[in-house]
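Welcome, and thanks for stopping by.

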Amino acid sequence: PVPSLHQSHLLRELIRTIRTARTQAEEREMIQKECAAIRSSFREEDNTYRCRNVAKLLYMHMLGYPAHFGQLECLKLIASQKFTDKRIGYLGAMLLLDERQDVHLLMTNCIKNDLNHSTQYVQGLALCTLGCMGSSEMCRDLAGEVEKLLKTSNSYLRKKAALCAVHVIRKVPELMEMFLPATKNLLSEKNHGVLHTSVVLLTEMCERSPDMLLHFRKLVPQLVRILKNLIMSGYSPEHDVSGISDPFLQVRILRLLRILGRSDDDSSEAMNDILAQVATNTETSKNVGNAILYETVLTIMDIKSESGLRVLAINILGRFLLNNDKNIRYVALTSLLKTVQTDHNAVQRHRSTIVDCLKDLDVSIKRRAMELSFALVNGNNIRGMMKELLYFLDSCDPEFKADCASGVFLAAEKYAPSKRWHIDTIMRVLTTAGSYVRDDSVPNLIQLITNSVEMHAYTVQRLYKALLDDISQQPLVQVSSWCIGEYGDLLVSGQCEEEEPIQVTEDEVLDVLEGLLVSNLSTPVTRGYSLTAIMKLSTRFSSVNRIKKVVSIYGSICLQMYSHSLQALFCRNDSTVVLSKSSLFYRFNLHVLYYLVSLLFQANDLLDLLGGNDVVPVIQTTLPTKPASAGGELLDLLGDLSLSSRTSLSLSPFLSLTHSFTFFLSTVITIHATNTTEADMTEFVFQAAVPKTFQLQLLSPSSNMVPALNQGSVTQVIRVLNPQKQQLRMRVKLTYTHKGSPVQDLAEVNNFPPQSWQ
Amino acid sequence: MIKAILIFNNHGKPRLIRFYEYFAEDVQQQIIRETFHLVSKRDDNVCNFLEGGSLIGGSDYKLIYRHYATLYFVFCVDSSESELGILDLIQVFVETLDKCFENVCELDLIFHMDKVHFILQEVVMGGMVLETNMNEIVGQVELQNRMEKSEGGFSAAPARAVSAVKNINLPEMPRNINIGDINIKVPSLSPF
């Protein structure tokens, strides 16, 4: 029968047709037509055209069209006697099949036969296919054939057998042993292709098995000899690449030497000379030479080389940094990054070149230069390095800013030459890259500022001035708000020593803070900070009425938004820094929350909500609440609170005060009751009485059982109204059941810290 | 290990695709698209190494590429390969193609995808470098082609096919698409 037009199409005719398609849809239509024709041809079991039809199918597969219906046809081609058929058949098998399909097992017999074929190119096809996609079963079945071919004198087959063996070993590691005898004289080969793949095979075996590694260590002298011959031999046209004899083989050998020399003194010593020779004699004007040098450097750094050799290696990397070729600079920086810890001093010598790479246009090079620069910062070069890094921070792409800012903070913390320099550096980062600093930077910085007591006036002044310029960068605004809240008194009294003190009034400060509250640039967290700052200033400023007004207007909204965002923050899965309850960030935000909550104490009609069952929308919607007292949840939160600046104060053997602060005329105190005896205290009730000038309100305690042996505590929050600012004294009565008997304990507590009532 | 070798043109049309690790068909096409996207937006004066690309190999995975006029040659490798070495290997492959096709151009790759695969098979096998000596590779390919020819082949000898193709009137195809003089386009390597 006359074959249909399509099935006899040459591959090139199909390609030409498809290329005339003007749209994707047109192309799809052509392909579908062609596939239909090919399918029917396959069904007719037409041997003549099977080959070219599979070729067409592979072309269409490359374009993304399904071709699985050709899988079996590939197998038929493989089984054919014609080399042409086998060539396409094996290619098709490699492109369309994989071991997940049962069909592939049908190849096993064909491959076995072809491995023993009289034509080496057929054997080559079989080795190639087995080495690409052979499944474990196939490898097990045919490993013996591969091993035989590994010993042949036919170099074309021998080199393929070596790589095929690598695949077999990867699939079936237990078979590694069987290839050991064949490796005996692999390195005596003259053919470079065989040498190359043999080294690959040896490398694979050494990497997989410590025993093999030990066994092959004795090959080091032979490898060194081969390498030496490559370097010393004159021009050899057969292997020459840009004036270097077989650079690919040199690189392979160097890599194997690296593996053999690692953690072995004797092997490392045996290769010392050749490494030095390669390092000094290799021509560097071409990429192939640099590839060899690069591999040499990596080997020197990885084995137990003597220090002179290591310095030589690092100097090579230093020279690479000055190379015009970006690729060379890239690999140099990558390698230096790996060695900066172990050979720090040697790398330091190239510091200025590394810093210059910060200005490179290539993003990958810039990133490595930045990482390396931070690794090289120390007490001696901090000022100079920081100048460069801050300049980099100013001008770099946004993708770098967060990491760079973190790096600057870390370096400054470790090596700051003075407190003033430290604060200035922080200011610089906050003002230039303020929106990119990490969430946890804010509490860390605040901690730092708090601890630099003599810099408080200077810091608050600088931060205040920064706020006047720009309120869009949230971390900056948050840190500034905090400082103004803490040190606002220093600000208005103009006490700055480090620079010219500015004149600013209480009203101006409050204007700025209020501005933050209303600005739509401020996030809820920022608003929480600024409101907290305003509240704190009530004890430092005299414009109390103004503050009261602000608080009453914004208080509950702030609290709601703040706790919302806080909750969202703690429910995030990606922020590992933030979520740890011991982290400064967590404790810190609770502190602010605490402030905001406390203002609710001021509104009498809201007082009950924390102690009783009244449903109040504000708290209910923002905090997770248990069906029982809503106060309990909040108490858990508040009970966690123990900022480093307020340490636990023991009031009596049982009781300790963990937190207190004063807001307007009231003080909120958190007391913990603990039990060191070996029995629980149940039905625990806390009662307190205070002198007449005070008023007292007790929230519901967190529970009525104090576990034995310090396994837990009961938290009791007390609000004390102290209009006359007298020293707080309290009589405390504790009633509980202990070992079955009721107990009553009376205590007089007079050692409240001054800040709890002043 | 070389995980994949991709050749596509400036518009992302694939000219040769070879994966040495199993990927489902649709993932393969995704990888091609993603790789093209990453590589095509690179400036000419940045380095030839790219990290990123999430589909192959996770984090131990780099793209090493060379751009010759209308074609990108991209090798996707893991950390066991030397970056500079792979650059040289790409050069070897391209110059081998040049020798096999006599001043290779994109058209040759388009119409002889199978032959390009056969040549590649003599350079890289199972994701590992097999042979780097150009003359060896070309010689072995030649011998195999002769075997095919003597059997009648399935679509005439390559040399004839190439000239036949070059003579076909393809009105919508600009006639001057080619890789260009390789020696000139690759400034850091000297002519062989």
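What follows is a conversation about this predicted model.

Visitor: How many helices and strands are there in chain B?

Guide: Happy to start there. Along the sequence, chain B reads β-β-α-β-β-β-α-α-α-β-β-α-α-α. The totals for chain B are seven helices and seven strands.

Visitor: What percentage of the residues of chain B count as buried?

Guide: Two other values give some background. Chain B exposes about 7400 Å², with carbon and sulfur atoms supplying 50% of it. Among its contacts between residues at least 6 apart in sequence, 55% join residues at least 24 apart. Of the 192 residues of chain B, the share that counts as buried is 62%.

Visitor: Which strands stand at the edges of the five-stranded open sheet in chain B?

Guide: The order of the sheet is β2-β1-β5-β4-β3 in chain B, with antiparallel pairing. An edge strand has a single partner strand, so one side of it is left without a neighbour in the sheet. In chain B that describes β2 (14–19) and β3 (49–50).

Visitor: Which residue is the bridge partner of B:F49 in β4(B)?

Guide: β3(B) pairs with β4 (residues 62–68) of chain B in the antiparallel sense, over two bridges. The bridge partner of B:F49 in β4(B) is B:I64.

Visitor: What angle does the direction of helix α2 of chain B make with that of β4(B)?

Guide: Helix α2 (residues 83–101) of chain B packs on the sheet, where it touches β1 (2–9), β3, β4 and β5 (71–77) of chain B. Its direction and that of β4(B) make an angle of about 40°.

Visitor: How many bridges join β1(B) to β5(B)?

Guide: β1(B) is mostly covered, as eight of its eight residues are buried. On the β2(B) side, five bridges join the antiparallel pair, and B:L6 stands opposite B:I17 there. Towards β5(B), B:A4 stands opposite B:C76. β1(B) and β5(B) also run antiparallel, and the number of bridges joining them is seven.

Visitor: Which residue in the turn between β1(B) and β2(B) has a positive phi?

Guide: These two strands form a hairpin with four residues between them. The phi in question is about 90°, and the residue is B:G12.

Visitor: Where is the kink in helix α8 of chain A centred?

Guide: Helix α8 of chain A spans residues 136–150 and has a kink of about 55°. Its buried residues include A:M138, A:C139, A:L142 and A:A143. What covers the buried residues includes α6 (107–115), α7 (120–133), α9 (155–171) and α10 (192–208) of chain A. The kink itself is centred on A:L142.

Visitor: Is A:T737 buried or exposed?

Guide: A:T737 is in strand β9 (residues 730–738) of chain A. Leaving aside neighbours within four places in sequence, A:T737 is in contact with A:D680, A:M681, A:T682, A:E683 and A:P742. Its relative accessible area is 18%, and the cut-off for buried is under 20%, so A:T737 counts as buried.

Visitor: Which three residues supply 12% of the area that chain A buries against chain B?

Guide: The contact takes 71 residues from chain A and 69 residues from chain B. The area buried between the two chains is about 6400 Å², of which carbon and sulfur atoms give 59%. The three residues that supply 12% of chain A's part, more than any other three, are A:R19, A:M62 and A:R87.

How values were computed:
Residues are numbered from 1 along each chain as its sequence is written. Chains are lettered from A and ligands numbered from 1 in the order in which they are written. This is a predicted model: local features need pLDDT of at least 70, side-chain atom pairs count only at pLDDT 80 or more; totals for chains, interfaces and linings use all residues. Side-chain values use heavy atoms; hydrogens and water are left out. Buried means under 20% relative accessible area, exposed over 50%, partly exposed in between (1.4 Å probe, protein chains only). Contact means heavy atoms within 4.5 Å. Accessible areas come from the Shrake-Rupley method with a 1.4 Å probe; for residues, only the protein chains shown count as cover. The bend at a residue is the angle between axes fitted to the seven residues ending there and the seven starting there. Two strands pair if DSSP finds at least two bridges between them. Axes are lines fitted to C-alpha atoms, for helices over the stretch in contact, and angles run from 0 to 180 degrees between N-to-C directions. Buried area is the accessible area (1.4 Å probe) that two parts lose on being put together, summed over both.
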